[in-house]
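Welcome! Take a moment to turn the model around on your screen, and then we will walk through it together.

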Amino acid sequence: MVNISLLIGAIVSWAIMWPMIEEKKGDWYSAKLSATSLHGIQGYRVFIAIAMMLGDGLFHFVYMLVVTISSFTKRKSGEENYSGEGSSEDYDKEIRNKYFLKDQIPNWAAFGGYAAIAVISIIVVPIIFHSLKWYHVLVAYLIAPILAFCNSYGVGLTDWSLASNYGKIAVLTFSYWVGLENGGVIAGLASCGLMMSILDTASALMGDFKIGYLTLTSPRSMFFSQLIGTAMAVS
């Protein structure tokens, strides 16, 4: 269904939408702009795609949050006998679920690690970029998980990361928030780098976990191997 929807979307967009928007050249946007300018037709292509993926990702984020809370509530009340496996699942999927869930990373480690990195960034980033205040970094770290989920969801469907486009949105948002007279350009670029690093890391890690799920590799082993590799690369 994903491939069919992508095919239909490509036909509708390239055969109907973009020719219609291109006819508005000089009315909706300047006719002097190049085809690759985000102020022209390319802006419609990019930001419509971002809006669709962001909306779809937010819907699935809220949906999964509701399902997870409901599942935990049922497990706590004893209404559901949770075994990590479904009786209707085939053997391969049962084995993959078993291996993937056996060595999963604890929630306290994930939340604690993210909080620790956020605290370090809140302290260090404003020292490096004086126009970016601590509350700007805090807001970026509060928004980043939602955008990271949406980006990872889009990467899983299309293998196309929109981290750079989310970064452009961060540039516009934080530059406007800080103000040009207060160093908004530097603040926007710094927030863009911060946001892109979070989103790219999240989408890459989710892709690695997907490969680990398919190859029966422990997610904890993959995480620590990447951690060791990153430390070796930095040193």
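In which helix do F174 and W177 lie, and how many residues apart are they? Both sit in helix α6 (residues 163–178), 3 residues apart, which is about one turn of the helix. Helices here are DSSP runs (H or I, at least four residues), as strands are (E, at least two), and they are numbered from the N terminus. Before going on, please note that this is a predicted model, where local features need pLDDT of at least 70, side-chain atom pairs count only at pLDDT 80 or more, and totals for chains, interfaces and linings use all residues. Residues are numbered from 1 along each chain as its sequence is written, and side-chain values use heavy atoms, with hydrogens and water left out.

## The chain as a whole

The secondary structure of the chain comes to 8 helices and 0 strands. Reading along the sequence gives the pattern α-α-α-α-α-α-α-α. Of the 235 residues in the chain, 26% are buried. Buried means under 20% relative accessible area, exposed means over 50%, and partly exposed is in between (1.4 Å probe, protein chains only).

Contacts can also join parts that are separated in sequence. Among contacts between residues at least 6 apart in sequence, 60% join residues at least 24 apart; a contact means heavy atoms within 4.5 Å.

## Aromatic pairs

The structure holds 8 aromatic pairs. Rings of Phe, Tyr and Trp (its six-membered ring) pair if their centres lie within 6.5 Å; planes under 30 degrees apart count as stacked, over 60 as edge-to-face and the rest as tilted. The ring centres of F174 and W177 are 5.8 Å apart and their planes stand at 35 degrees, so this pair is tilted. F174 is buried, with a relative accessible area of 4%, whereas W177 is partly exposed at 40%.

F223 and F224 form an edge-to-face pair, with 5.6 Å from centre to centre and 75 degrees between the planes. F223 is partly exposed at 28% relative accessible area, and F224 is partly exposed at 43%. Ring pairs also link W134, Y135, F174 and W177 into a cluster.

The axes are lines fitted to C-alpha atoms, for helices over the stretch in contact, and the angles run from 0 to 180 degrees between N-to-C directions.

Helix α5 (residues 134–158) and α6 have axes that come within 12 Å and cross at roughly 155 degrees. They are therefore roughly antiparallel; angles under 35 degrees count as roughly parallel, over 145 as roughly antiparallel, 65 to 115 as roughly perpendicular and the rest as oblique. The crossing of α5 and α6 is right-handed. A crossing is left-handed if the near helix is turned anticlockwise from the far one by less than a right angle, and right-handed if clockwise. Residues in this contact include Y135, H136 and V139 of α5 and Y166, F174 and W177 of α6. By class, the contact has 10 nonpolar, 2 polar and no charged residues. Ala, Val, Leu, Ile, Met, Phe, Trp, Tyr, Cys and Pro count as nonpolar, Asp, Glu, Lys and Arg as charged, and the others, Gly among them, as polar.

On to the next partner: the axes of α6 and α7 come within 7 Å and cross at roughly 145 degrees, in a right-handed crossing. Among the residues that meet here are G167, A170 and F174 in α6 and G188, S191 and M195 in α7. This contact has 13 nonpolar, 6 polar and 2 charged residues.

## From α7 to α8

Helix α7 (residues 184–214) and helix α8 (residues 219–234) pack at an angle of about 135 degrees, with their axes 9 Å apart. These two helices are therefore oblique to each other, and their crossing is right-handed. L205, D208, F209 and G212 in α7 meet P219, M222 and Q226 in α8. By class, the contact has 4 nonpolar, 2 polar and 1 charged residues.

Finally, find L216 in the loop between α7 and α8. Its phi is near 60 degrees, a positive value in a residue other than glycine. L216 is partly exposed, at 40% relative accessibility.
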